[in-house]
Amino acid sequence: MSPFGSKRSLSRRVFATVFVVAAIAIATFTIVGSLLLNSNLGSVTRSELYDEAEIVASALNATTNDIALLEDVDIDNTRLTLISADGDVIYDNQELAGQMENHLARPEVAQAFASGHGSAERSSDTIGETMLYEAVLLDNGQVVRVAQAQASIFTILLSFVGPLLVIAAIVIAVSFVAARRESRAIIEPLLEVDLDHPLHNKDAAYSEMVPMLERIESQRQELKRQVKVLADNDRMRREFTANITHELKTPLTTISGYAELISGGMVADEADIKDFTARIHREAGRLTALVNDILTLSNLDEAERSDSEASSRVLGSSEPVDLPRMLDNVAQRLEHVAHKAEVAIEIDAKPAMVIGVPRLLDELAYNLASNAIRYNRPHGTVTLSSGVDGQGRPFVRVADTGIGIAAEEQAKIFERFYRVDKSRSKARGGTGLGLAIVKHAATYHGATIDLQSELDQGTTVTVTFPVQAWPMSDRFQMM
Ligand code: ADP
């Protein structure tokens, strides 16, 4: 392929650069050289002409037949003129003396009459030529003048045209070859960059390329991270869908099984019918709880992806929530469950307020308290506390004296559908989504979760909210 095939070609740029630099160098060299040559040539010609004039004058002083001597003198390109004391031209080797005008006024002649020697320089009619004149006063009162044309700067420049054309052709050829070689050499380190590992060959690359290579590497890492996040999200979504299907199917199978037995008249015993309908009722309750948890989680997911206006449309608007009052309410609703599990609920609520979505905060506290009861032991205790910590941050804490969570399980229990003991969770009406809701509800309110747990000793979960910035109207109400 031609190196000049594409519109923007590196070879073409390098060629242009090399050629222009060479052309500027040659042009400068030619012009400066010509000027120097011109000035040197001028002074050499002038001094030669001076000597010639003096020699001719000496010869004329020594002879009686001036004209014959002058006719014999043969100096290349030199004009010889003999002028009488009153300025008339007696002899000229290029024109007829009789037809020439009086030369008394010519500066070099006037100077020679006055001081013995005169010099002058005049542009001739011939374009680009300068005539140099030297005149010497002879012993007999006449003046001899020698003149020579000196090539002008244009003539010198013109004489360079031939060689210059040859040099230009050589420069074009050299520039072309240099451009091909240079552009290949420039491109080579670029082509050697391994875009999958841009920093591997960092030492072989141009130093100017390093920031670009670092940028490619960081973008590559970012892309990798995003691909991983997307893959994780996709995997989690698929796992979540599979889990939901499974979780929904189990109670539905139980319900439809018992319902089929009863409707087919296969259960005659009144006590069995009561037992089966109670089971159907329990499974339906599980289904409702599961669907409610899934809805809450999907609302939280949507809120996390939307702006604050859209999320308050999905989850409800934020307002001041009194944490002690909220814990009281949760305790009341769980009293029956706690009683059945023989667990005592204690409340240690210090005043604390949070601006948040009441339904979500309630769900957060309810799920923590419900877990604390369900994963407790008979005669165990659950303590619900609230307050403001040393840094002015409101918190809710749920502590139990239950079975505890092994250290390696503690990070996983916040994942959707993760249960340490599946049968225990199901037996106690768990959906496996409670702590996932707690985690998202906390994140939505900018809160952090701290979990302290020891197997067979109990668990304490503290949710700490950021320091609250109260709107003026609320501050007023609180006073
Ligand atoms: P579940 O509906 O199964 O309770 P959660 O998301 O609320 O689902 O909790 C996930 C798992 O974490 C539970 O199955 C349980 O094994 C464990 N867990 C949660 N809270 C406690 C606790 N207070 N004590 C011991 N284990 C707990």
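Helices (H or I, at least four residues) are DSSP runs, as strands (E, at least two) are, and they are numbered from the N terminus. This is a predicted model, in which local features need pLDDT of at least 70 and side-chain atom pairs count only at pLDDT 80 or more, while totals for chains, interfaces and linings use all residues. Residues are numbered from 1 along each chain as its sequence is written, and side-chain values use heavy atoms, with hydrogens and water left out.

**Ser 311**

- Ser 311 belongs to helix α7, which covers residues 308-315.
- Because its relative accessibility is 3%, Ser 311 counts as buried (under 20% relative accessible area, with exposed over 50% and partly exposed in between, using a 1.4 Å probe and protein chains only).
- Leaving aside residues up to four places away in sequence, Ser 311 touches Ala 303, Ser 306, Gly 316 and Tyr 444, where contact means heavy atoms within 4.5 Å.

**The shell around the ligand**

- The ligand is surrounded by 20 residues, and the closest include Asn 371, Tyr 375 and Ser 425; a residue is near a molecule if one of its heavy atoms lies within 4 Å of it.
- Helices α9 (358-374) and α11 (434-444) each supply at least two residues of this shell.

**Atoms close to the ligand**

- A polar side-chain atom of Asp 400 lies 2.9 Å from a nitrogen atom of the ligand.
- On the backbone, a polar atom of Thr 431 is 2.8 Å from an oxygen atom of the ligand, and a polar backbone atom of Gly 432 is 2.7 Å from an oxygen atom of the ligand.

Notes:
Polar contact = N/O pair within 3.5 Å; in protein donor to acceptor, adjacent residues only side chain to side chain.
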